[in-house]
Structures are given as C-alpha cells and as structure tokens.
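Hello,

Here is the structure I promised to pass on to you. Please have a look at it first, and then read on for my notes.

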Amino acid sequence: LGALGWTQNSALIERALKMTMDPEIVRPQDVIYIFRTTGINPKGRRETWKFLKNNWSFFYSRYGLGGGISI
C-alpha cells in the first residue's frame, strides 16, 4: 500500500487517497500506509492535506481522536 503513495502521477495519487475511504479495498487499520507515503511525496503532499481536510468528518467519525485518547 505504501508504494502507491510514491507515484508521480496525480491521478493515481488521488485514486489511492480515495481508496482509503473504502474498507473493502483498504482495511481501516492500513490507511496510514497510503497517507504516510502520499504525505511525504513532494508530488502528493498538498493533495493529501487537501483530501484530509475535505474528508475530515469521515475520518473523524471512523477514528475519533485515535489512540484511545479521551477528552
């Protein structure tokens, strides 16, 4: 999954990011492998941040604050 994030093709980066929302394609616990590489890929960094901001409510509802943190 991490290798998907290293592509220099913007369309493939966008497709990989969208796949993170479908648990039939990417298990929720494995999403980080795509975000990790798209986020450090100079070609995908801004696209990853834009994707996360646009889909924040989805990921928040899936993961909450993560790590068992409670406020």
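Where does V26 lie? V26 is found in the loop between α1 and α2; helices here are DSSP runs of H or I with at least four residues, strands are runs of E with at least two, and both are numbered from the N terminus.

Before going further, a word on the ground rules. This is a predicted model, in which local features need pLDDT of at least 70 and side-chain atom pairs count only at pLDDT 80 or more, while totals for chains, interfaces and linings use all residues. Residues are numbered from 1 along each chain as its sequence is written, and side-chain values use heavy atoms, with hydrogens and water left out.

V26 has 1% relative accessibility and counts as buried (buried is under 20% relative accessible area, exposed over 50%, partly exposed in between, with a 1.4 Å probe and protein chains only). Leaving aside residues up to four places away in sequence, V26 touches L1, M19, T20, V31 and I34, where contact means heavy atoms within 4.5 Å. As for L1, its C-alpha atom is 8.4 Å from that of V26, although the two residues are 25 apart along the chain.

Next, the helix packing. Helix α1 (residues 10-19) packs against helix α3 (residues 45-54) at an angle of about 35°, and their axes are 10 Å apart. Here the axes are lines fitted to C-alpha atoms, for helices over the stretch in contact, and angles run from 0 to 180 degrees between N-to-C directions. On the α1 side the contact is made by S10, I13, E14, L17 and K18, and on the α3 side by E47, T48 and F51.

K18 and E14 are 4 residues apart in helix α1, so about one helical turn separates them. Both count as partly exposed, K18 with a relative accessible area of 48% and E14 at 38%. The structure holds 2 salt bridges; in the other, D30 meets R27, with the closest N and O atoms 2.8 Å apart. D30 is buried at 13%, whereas R27 is partly exposed at 48%.

Finally, the rings. There are 5 aromatic pairs, counted when ring centres of Phe, Tyr or Trp (its six-membered ring) lie within 6.5 Å; planes under 30 degrees apart are stacked, over 60 edge-to-face and the rest tilted. F35 and F59 form an edge-to-face pair, 5.4 Å centre to centre with 75° between the planes. Because F35 lies in helix α2 (residues 31-40) and F59 in helix α4 (residues 56-63), this pair ties together parts that are 24 residues apart in sequence. F35 is buried at 14%, and F59 is buried at 7%. F59 also pairs with Y63: the ring centres are 6.4 Å apart and the planes at 5°, so this pair is stacked. Both residues lie in helix α4, about one turn apart, and Y63 is partly exposed at 34%. Ring pairs link F35, F51, F58, F59 and Y63 into a cluster.

Best wishes

How values were computed: A salt bridge is a side-chain nitrogen of Lys or Arg within 4 Å of a carboxyl oxygen of Asp or Glu.
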